Amino acid sequence: MCIRDRLYNVLPEHVAARIKSGETVADSFNNVSVIFVDVVGFSILAKTMPASELVKQLNRFFLIADECADAHGIEKVKTIGDAYLAVSGGTSSEAGDALAAIAFGHALIERLEEITDADGADVKLRVGIPTGPVVGGVVGSNRLAYDYWGDTMNIASRIEGTADHNGIAVSAATYHQTSHEVDYGPPEMMTLKGIGETEVYRVIR
């Protein structure tokens, strides 16, 4: 694979072109839905499961997440340990809305449930989706990747922690953009670490 192909494999082509031209890649987005997915009880699995099997299970989860992301126009950002971080509405998101983010969450949970029911594995997910402004760009010179920063990114993991097992929790902004098509439970005021009092909604499946 040539250098050009390698660059396009890790970066959107239009972003790679900006880097090649010497441009500093920095973008502002006003309305991005951030999707943070975490495997419940991963630390326990890591202690009880052989390393090869643990990696196999994680790889299966990430492959399914990638397939669901492609199907719903979601942009994968990166994996962080056992967590999967993605966005809807960023530089490479096809759908670009909060509804697509929730559809992705539903699809991922359903796919994993089908597999775990078949093989008896006790693996569950939590999904958190806040919506708001983010900054995107490329920094550094090694292992180039388009990344995102901002309060909305930070809130995503906190909201994920409030979700039920195999459930989806969202911010007030996500709720207001999707409540015409998605069923939610009542608002809940929760104290999120480093964030403070935050209104959270749970998606009813």
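1. A salt bridge is defined here as a side-chain nitrogen of Lys or Arg within 4 Å of a carboxyl oxygen of Asp or Glu. By this rule the count comes to nine salt bridges.

2. The model is predicted: local features need pLDDT of at least 70, side-chain atom pairs count only at pLDDT 80 or more, and totals for chains, interfaces and linings use all residues. Residues are numbered from 1 along each chain as its sequence is written, and side-chain values use heavy atoms, with hydrogens and water left out.

3. Arg126 and Glu160 meet through their side chains in a salt bridge, at 2.9 Å from N to O. Arg126 lies in strand β4 (residues 125–129) and Glu160 in helix α6 (residues 151–160), so the pair ties together parts 34 residues apart in sequence. Helices (H or I, at least four residues) and strands (E, at least two) are DSSP runs, numbered from the N terminus. Glu160 counts as buried, at 4% relative accessibility; buried means under 20% relative accessible area, exposed over 50%, and partly exposed in between (1.4 Å probe, protein chains only).

4. A salt bridge also joins Asp147 to Lys78, with the closest N and O atoms 3.0 Å apart. Asp147 belongs to strand β6 (residues 147–149) and Lys78 to strand β2 (residues 75–80), so this pair ties together parts that are 69 residues apart in sequence. Asp147 is buried at 16% relative accessibility, whereas Lys78 is partly exposed at 32%.

5. Arg18 is buried in helix α2 (residues 13–20), as are Val15 and Ala16. Arg18 is also linked with Glu23 and Asp27 in a network of salt bridges.
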